[in-house]
Amino acid sequence: MTQSTVERPSDASHGDVSRHDNTPRYIAHRGLSARAPENTLAAVQAAHDAGCEWVELDVQLLGDGTPVIWHDAGVKRCSNGRGKLLKLNAGSAAKLDAGSWFGAQFRGERMATLEAMLELIKHLGLGLNLELKVCRGRNAIELVQAALPPTLEALPADKLIVSSFDRHALTAARALESDPDRLRLGVLDDKAPKQWWRETERIEAYSLHLDWRKLKVKRAREIADEEIKLFCYTANDPVTFEKLWDWGVDGVISDDPTRFVTHAKEAASR
Ligand code: G3P
Ligand code: MG
């Protein structure tokens, strides 16, 4: 690979990630969030029922330190409550209805604790891309310390990828588990910086997760030439995404991966 501006240090290495062959191609974003309320047990069950093998979920802490599966800093968009997640404890969070906003049939769906979610994922045999979601003003280290040990305990290495936009969270995660074969880390970014490899090498990452709309062919091919996996979020149209497979993208994070599977099957039968 040629770097346009800065040469990569000759002794730099990604570690041997080539031994991992369980690379997910389709990952259900926040569970099957096109068909069920995002980040809930129902969304994960729906993903499984639709044939998905991997889900992406966001984890954060409640004010009392309980890790929960939730995307926003507040609860208004995806529940019948208001205010910040930080203001809730396990008891008050469990009273929220996190399903009705999506559809009446999901009424009574609860905010999932990480513990309950891991149990379900294990039971269903799914792979998990857990995103450490560090909202503004929240503590990345506390999140890693609370969320990572039970996740590592629950899932085997080949069924887990832990990703984050937050560099402190990634650093803390790597400090907690130094073996890149035991903990596969993913660097999340909207757009890969020119020296994208600096961050992936620093934490011995397994993967880079980028916004597919901002990805350019040159950068995608550079990444694909390296021993690092490239995932793209959040794509829902398999037709416009088609060219990205040719660029070397390994997997897509989609609100509805079944569209991609159907499209791939149709293309194969033509
Ligand atoms: O992990 C990919 C994607 O989930 C990142 O963005 O905001 O949907 O968590 P967001
Ligand atoms: Mg996410």
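Trainee: Which residues touch the most other members of the largest nonpolar core?

Mentor: Keep in mind that this is a predicted model. The largest nonpolar core has 75 residues, and V55, M117, L132, V162, A173, L208 and C232 touch the most other members. As for who gives the most to this core, that's helix α1, residues 41-49, with six residues.

Trainee: What makes a set of residues a nonpolar core?

Mentor: They have to be buried residues of the nonpolar kinds, Val and Leu among them, joined through C-beta atoms within 7 Å. In soluble globular proteins, nonpolar side chains tend to be buried together.

Trainee: Which residues does V162 touch, not counting residues up to four places away in sequence?

Mentor: V162 touches L130, L132, L148, A173, L183, L185 and G186. Two of those, L132 and A173, are also among the core residues that touch the most other members.

Trainee: How do you know that the protein chain is as compact as a globular protein of that length?

Mentor: Start with what's in it: nine helices and nine strands. Then set one value against the other: the radius of gyration is 18 Å, and the globule rule gives 18 Å for 270 residues, so the chain is as compact as a globular protein of that length. If you'd like the box as well, the C-alpha atoms fill roughly 55 × 50 × 30 Å along the principal axes.

Trainee: How much of the protein chain is made up of buried residues?

Mentor: Buried residues come to 41% of the 270 residues. And if you take the contacts with a separation of 6 or more, 60% of them join residues 24 or more positions apart.

Trainee: Why is A98 called buried?

Mentor: The cut-off is 20 or more other C-beta atoms within 10 Å. A98 has 29 C-beta neighbours inside 10 Å, so it counts as buried. You'll find A98 in the loop between α2 (90-93) and α3. Leaving aside neighbours within four places in sequence, A98 is in contact with P37, T40, C78, S79, E109, R110 and M111. Take R110: it is 12 residues from A98 in sequence, yet their C-alpha atoms are 5.2 Å apart in space.

Trainee: What is phi of R30 and of E204?

Mentor: Phi of R30 is near 60 degrees, a positive value in a residue other than glycine. Phi of E204 is near 50 degrees, again a positive value in a residue other than glycine. R30 is in the loop between β1 (26-29) and α1, while E204 is in the loop between α6 and β7. With 26 other C-beta atoms within 10 Å, R30 is buried; E204 has 19 and is partly exposed.

Trainee: How do you know where the buried residues of α7 lie around the axis?

Mentor: In helix α7, residues 217-224, the buried residues are A220, E222 and I223. They cover an arc of only 160 degrees around the axis, which puts them on the same side of α7. The face turned away from that side carries the exposed residues V217 and K218. The buried ones pack against α6 (196-202), β7 (207-211), β8 (229-233) and α8 (238-246).

Trainee: Last one: which residues are around ligand 1?

Mentor: Around ligand 1 you'll find H29, E56, D58, H71, E131, S163, L188, H209, Y233, T234 and I253. That shell divides into three nonpolar, five polar and three charged residues.

Terms used:
Residues are numbered from 1 along each chain as its sequence is written. Chains are lettered from A and ligands numbered from 1 in the order in which they are written. This is a predicted model: local features need pLDDT of at least 70, side-chain atom pairs count only at pLDDT 80 or more; totals for chains, interfaces and linings use all residues. A residue is near a molecule or strand if its C-beta atom, placed from the backbone, lies within 6 Å of it. Ala, Val, Leu, Ile, Met, Phe, Trp, Tyr, Cys and Pro count as nonpolar, Asp, Glu, Lys and Arg as charged, and the others, Gly among them, as polar. Helices (H or I, at least four residues) and strands (E, at least two) are DSSP runs, numbered from the N terminus. The radius of gyration is taken over C-alpha atoms; the globule rule is 2.2 Å times the number of residues to the power 0.38. A residue is buried if 20 or more other C-beta atoms lie within 10 Å of its own, exposed if 12 or fewer, and partly exposed in between; C-beta atoms are placed from the backbone. Two residues are in contact if their C-beta atoms, placed from the backbone, lie within 7 Å. The arc is that of the directions from the helix axis to the C-beta atoms.
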